[in-house]
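User: I'd like to go through this model and check what each label rests on. Can you walk me through it?

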Amino acid sequence: MTHLTRDALGWSPYYMSQLDLEELDTLTPARIATVHRDRVVGFSEIGPLELTLDPGITTAAVGVGDWVLCAPAQHRLIRVLERQTELTRGTEYHTGEKQLIAANLDTLFITSSCNNDFNPARLERYLALAHDAMITPVIVLTKADQTDDPDTYIDQARMLGRDLEVIAMDAKTDDVAVLLEPWCGKGETVALAGSSGVGKTTIANALTGGDAATQAIREDDARGRHTTTGRSLHRMGSGGWLIDTPGMRGLGVAEVAYGIDATFPEISELAETCKFRDCEHETEPGCAVQAGISRGEVDPDRLTRFKKLKRENQHATETIAQARDRSRKLGKMYRSAVKKKGR
Ligand SMILES: Nc1nc2c(ncn2[C@@H]2O[C@H](COP(=O)(O)OP(=O)(O)OP(=O)(O)O)[C@@H](O)[C@H]2O)c(=O)[nH]1
Ligand SMILES: [Zn+2]
């Protein structure tokens, strides 16, 4: 652990460019590995560092995978560097907050099994989140050993995007590390998403060569304390990093209009040329998407799922916007009340 270089930890010019000269001289960059209630642990060139948070930085503002600047001698986290990517979940709509799942991911392994778990709509939801965050999605199909015809699943998955990478495997064999190696090299950061039981833990263990899921908890138990998020950063045998994310079983979409369009390029591109700007792609004259269906270029089932995901996203996005508006107004009221009292 002590001999990891910044590059091995995933450092890049993107983060370097955010430091001024004084910071370069005096502060140490670290990559956040675990987040606890009152402190975080970061990996750095000088080894693992336990850091306390200055007032103003909450554990909500720093997540696993984040790059931070710290003053190691004082165990102080000074500031969180701007993220290259962030994967969030939109579950707390009513508060206007989105919860950070993982920072600075390069690749998301969207995992499903070659059985009843396989569900195009669910895969597209994950694809939209990944595309929106500019994270490379890879579809990983497990339990290929439990079906006579894995190709039908592979073919269906390939239909869910252009140039979409689809990997099928028996996650209980040594194939896992070899098949996923292209995304797990030195300094690369990955995470696994998918329903319960599809094999995420099995794959994580194969990639990290250990009991990834329980490692962080055990490390903490020894001190009688617990991680608050349950998320943690683990080194993979191939030199990359795996962010273990228990919250990745079901995700809501919010504010991912771009990601949805990117997930359904064959539809969103045609939609640009519909006669009406607010075309619902149903029976309107001059609908380019319906014309695409007639020509056999657009799968009508994809169109149905595209519309459904758009509706869900729109609803959640509006709910978040309203909640933010409400809390802004409340804040204003509070500030003016304080002012009056002070007079
Ligand atoms: N035959 C076969 N079994 C698999 C495969 N992948 C996972 N399993 C088995 O499926 C079960 C569930 O796997 P897990 O790795 O625990 O699944 P998970 O996605 O981590 O599940 P949660 O922790 O509930 O989210 C275990 O019994 C695995 O051994 C596979 O490719 N082939
Ligand atoms: Zn249309």
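Analyst: Of the protein's 343 residues, 38% count as buried. Before we go on: this is a predicted model, where local features need pLDDT of at least 70, side-chain atom pairs count only at pLDDT 80 or more, and totals for chains, interfaces and linings use all residues. Residues are numbered from 1 along each chain as its sequence is written, while chains are lettered from A and ligands numbered from 1 in the order in which they are written.

User: What makes a residue buried or exposed here?

Analyst: You count other C-beta atoms (placed from the backbone) within 10 Å of the residue's own: 20 or more means buried, 12 or fewer means exposed, and in between is partly exposed.

User: Okay, why is tryptophan 241 called buried?

Analyst: Tryptophan 241 has 28 other C-beta atoms within 10 Å, and the cut-off is 20 or more, so it's buried. Tryptophan 241 is found in strand 13. Strands here are DSSP runs of E with at least two residues, helices are runs of H or I with at least four, and both are numbered from the N terminus.

User: What does tryptophan 241 touch, leaving out residues up to four places away in sequence?

Analyst: Its contacts are Gly10, Thr189, Leu233, His234, Arg235 and Met236. Contact means the two C-beta atoms, placed from the backbone, lie within 7 Å.

User: Which phi values go with glutamate 255 and histidine 281?

Analyst: Glutamate 255 has a positive phi of about 55 degrees, although it is not a glycine. Histidine 281 isn't a glycine either, and its phi is also positive, about 55 degrees.

User: What makes strand 12 and strand 13 a pair?

Analyst: The rule is that DSSP finds at least two bridges between the strands. Strand 12 and strand 13 have four, in the antiparallel sense, so they pair. Histidine 234 stands opposite leucine 242 in strand 13. The two strands form a hairpin with five residues between them, and glycine 239 in the turn has a positive phi of about 100 degrees.

User: How do you know that both faces of strand 12 are covered?

Analyst: In strand 12 (residues 232-235), Ser232 and His234 are buried on one side, and Leu233 and Arg235 are buried on the other. In general, side chains in a regular strand alternate between the two faces of the sheet.

User: What surrounds ligand 1?

Analyst: 16 residues do, the closest being Ala171, Ser196, Gly199, Lys200 and Thr201. To count as near, a residue's C-beta atom, placed from the backbone, must lie within 6 Å of the molecule. Helix 7 (residues 200-208) gives the most to this shell, with three residues.

User: Which residues of helix 7 are buried?

Analyst: Lys200, Ile203, Ala204, Ala206, Leu207 and Thr208.

User: What makes a set of residues a nonpolar core, and how many are in the largest?

Analyst: A nonpolar core is a set of buried Ala, Val, Leu, Ile, Met, Phe, Trp, Tyr and Cys residues joined through C-beta atoms within 7 Å. The largest has 79 residues, and Ile110, Leu141, Ala191 and Leu207 have the most contacts inside it. Helix 4 (residues 120-132) supplies the largest share of this core, six residues.
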